[in-house]
Amino acid sequence: MEKRKEHDLKIHENGKTSKSPKLCGTNYPVSISFIVVNEFCERFSYYGMKAVLTLYFINYLHWDQNLSTAVYHAFSSLCYFTPVLGALIADSWLGKFKTIVYLSVVYVLGHIVKSVGAIPSVGDSTIHIVLSMVGLILIAFGTGGIKPCVAAFGGDQFDEEHTNERRKFFSIFYMSINGGSVLSTLITPILRGDVQCFGGDCYALAFGVPAILMVIALVVFISGSGMYKKSPPEGNVLLDVCKCMGLAIKNRWKSSKYDPKKKHWLDWAEEKYPRRLIHEIKMVLRVLVLYIPLPMFWALFDQQGSRWTLQATRMNMAFGSTFVLKPDQMQMLNALLILVFVPIFDMVVYPLIGLCRINLTPLKKMAVGMVFAALAFGSATLVEVNVTKTVVEPAPQGQCLLQVYNLAVSDVKLNIPGSNLFSQPIKSYEDPPAYQHIQLGGHNKTINMAVTQNEIPYQCVQTFTEQKAYTLVLHSNGSGIVCQLATDNIHKSEKMEAYLRFINTRSEAVNITVGAVDFYVPADYGISPHNSVERKEYTTDKCTSGSQDFPITLGLLDFGASYTVILKGDPGQIILHKMEDVKANNVHIAWQIPQYVLITAGEVMFSITGLEFSYSQAPANMKSVLQAGWLLTVAFGNVIVLIVAEGAGLDQWMEFLLFAGLLVAVCIIFSIMAYFYTYVDPDELDKLFPDKTVNDDDEDNLKKNQKYHMDQTDDSMYLNQIVKSTNM
């Protein structure tokens with residue numbers, strides 16, 4: 001106790017001690033203001049960078065969706081492996097303050113490297129990838145390393161008797177985390193999409209602003225250095241646990257059949273470690289066994305920033321005619337809902353369940369949380385099924401896709417040998433209903449097709465290549481029907497833009513400006529390339545033909561659609577006819593709200609309850625062991641997503657359904673394990689192992705454990721406020 005009281009005093013170089021300065025006559029240390037601002041800026045930095053990460057991989061590094069998802073979750077996994085290392089460094093070597101400072105420097109360097117890698121003029125694509133990966137690794141070590149230190153360091157600033165103030169501090173700390181998360185996931189997508197630099201989305205700015213916030217976080221934290229209470233490193237109980245378990249395994253392995261039998265394999269460590277510590281480890285292992293199924297929940301939960309964001313890119317993001325949400329902004333909904341749901345569940349839902357005389361134990365709450373997460377992915381599956389209805393699936397090997405434009409003045413018929421496709425007459429300027437699959441039987445094939453107009457047949461010979469999409473343009477040239485083959489772009493824009501091309505039936509070439517994009521369309525059925533244009537209503541665009549300028553109105557070019565606009569008319573006029581080759585995203589982003597509501601409800605019941613249960617079932621001095629185990633479940637959950645994304649090869653809706661089914665199966669296993677679990681009271685340890693039973697050989701070790709127990713007991717009271725800092 002004397003050592004603990006010493007930590008409540010600041011020791012200056014001249015050897016004098018003084019109480020930490022307080023805020024405005026309250027019992028709140030001035031130092032906590034630096035810690036709260038630091039946490040807000042750090043969380044803004046982390047979530048701001050992570051919000052745009054998946055789209056950065058796809059649109060800037062040009063990776064496919066599966067690779068982007070895999071790398072995103074590999075990074076997330078590393079962010080939850082490194083806190084164990086950060087805790088060991090803080091408790092065994094540097095102390096919390098120095099660990100936060102040194103790893104924050106690593107954090108800042110990672111952001112800078114990541115931002116430089118997003119500048120197109122810096123090297124080629126290989127350099128960009130290398131800089132991005134190095135930056136992400138440094139960020140993972142930085143954010144993970146300081147994760148277990150900041151909240152605990154803030155708690156250390158309070159005097160022992162100021163427990164109410166410390167509790168309120170953790171509430172403020174919790175709010176700073178969510179505030180940074182909400183603002184960053186709102187702002188950085190705007191910096192990415194609405195600010196243009198280097199000819200496209202400004203990822204350098206979207207990463208640079210979080211880098212600046214992390215610099216501010218570091219400067220603010222260091223600024224309060226003279227006011228902090230800095231406890232020296234006192235050893236990490238996780239190391240003691242690992243050493244004890246290692247010794248037990250070693251002695252058990254070396255034992256012979258003549259040695260006395262032990263009731264438990266950990267009892268083989270009794271020669272060196274006190275029986276109380278061994279019994280505490282047994283209690284912890286009982287909880288850790290329950291952790292085994294938990295990674296599957298995190299495998300679903302953490303896909304908000306990857307698969308759910310990618311789903312949002314294929315949805316309609318417009319709210320009315322003026323406000324357009326960005327796909328990577330939807331993640332802020334989780335942070336907003338958690339602020340609403342935590343008090344609602346604590347003050348309304350759980351009391352109502354209690355009034356119904358339903359015994360909702362912590363383990364039952366966790367199982368229900370898993371069910372909510374599975375339902376969230378069931379909802380995501382339904383959304384995905386409807387989203388894919390607007391997607392044109394590429395042709396498999398040995399096939400191609402074909403649609404037909406009839407630009408002649410009357411109906412035509414098309415006959416493809418060996419096929420009954422296009423059996424109905426094709427009307428003039430009819431918007432094709434869908435692409436048809438053409439069997440090629442190899443890499444490419446030349447097909448002699450018959451086109452009939454007014455009972456007169458014409459030959460059309462074209463060569464098709466597998467896995468491509470084509471438009472066959474039929475038009476008359478005065479002596480008959482002429483056919484022309486154009487290659488199509490059927491892929492939806494990952495940037496939520498529309499694709500546009502023109503076919504010019506006129507005798508004069510045309511220059512057209514749509515927004516900031518220029519098109520040149522040759523005369524006599526010339527076809528322009530596909531270009532992406534911003535999604536909006538186009539009413540006053542410029543078209544130049546010869547020496548004349550014509551205003552044109554294209555109307556709404558919507559999210560994810562691909563259009564072909566046919567230009568016709570006499571030299572003195574231009575008439576537009578718009579075709580929709582790929583349908584626009586017609587599923588509104590609001591349909592993602594149910595899955596966010598369900599996954600957030602699942603988080604409240606699973607995550608917060610899970611850590612509260614864990615800490616209630618193990619001694620207070622084992623809190624860091626349980627925290628390490630909990631963080632590792634998050635890490636392994638992300639590893640599961642990585643494996644499925646790269647190895648399963650399923651359609652997205654089937655992958656969502658797979659995850660939902662796996663979590664239901666895991667929930668059943670967890671429920672069975674929970675049914676046979678017996679709740680314990682860690683306070684009973686004091687009755688089982690009173691201090692007077694300890695022999696002289698164990699005295700030093702026990703004193704160390706008692707000291708750690710005393711230091712950790714107060715902090716466990718505030719778990720409900722700081723749990724989000726562990727998981728975010």
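Student: How many nonpolar, polar and charged residues are in the lining of the second largest pocket?
Tutor: The model is predicted: local features need pLDDT of at least 70, side-chain atom pairs count only at pLDDT 80 or more, and totals for chains, interfaces and linings use all residues. Residues are numbered from 1 along each chain as its sequence is written, and side-chain values use heavy atoms, with hydrogens and water left out. Ala, Val, Leu, Ile, Met, Phe, Trp, Tyr, Cys and Pro count as nonpolar, Asp, Glu, Lys and Arg as charged, and the others, Gly among them, as polar. By these classes the lining has six nonpolar, eight polar and eight charged residues.

Student: What is the volume of the second largest pocket?
Tutor: A pocket is an open set of points on a 1 Å grid over the protein atoms alone, where a 1.4 Å probe fits, with protein on both sides within 12 Å along at least five of seven lines; lining residues have an atom within 4 Å of a point. Points are joined across faces, edges and corners, and the volume is the space filled by probe spheres set on them. For the second largest pocket this is about 680 Å³.

Student: Which element gives the largest share of that pocket's lining?
Tutor: Helices (H or I, at least four residues) and strands (E, at least two) are DSSP runs, numbered from the N terminus. Helix 4 (65–94) and helix 17 (652–675) are the elements that give two or more residues to the lining of the second largest pocket. The largest share, three residues, comes from helix 17.

Student: Which element gives the most to the lining of the largest pocket?
Tutor: The largest pocket holds about 810 Å³ of space. Of its 32 lining residues, the closest to the centre include Gly193, Lys495 and Glu534. Elements giving two or more residues are helix 7 (163–193), strand 4 (200–201), strand 18 (531–533) and strand 19 (536–538). The most, three residues, comes from strand 19.

Student: In the open sheet of four strands, which are the edge strands?
Tutor: Two strands pair if DSSP finds at least two bridges between them. The order is 16-15-20-21, with antiparallel pairing. Each edge strand pairs on one side only, and these are strand 16 (517–521) and strand 21 (548–552).

Student: In strand 16, which residue is the bridge partner of isoleucine 512?
Tutor: Strand 15 (residues 510–514) pairs with strand 16 in the antiparallel sense, over five bridges. The partner of isoleucine 512 in strand 16 is phenylalanine 519.
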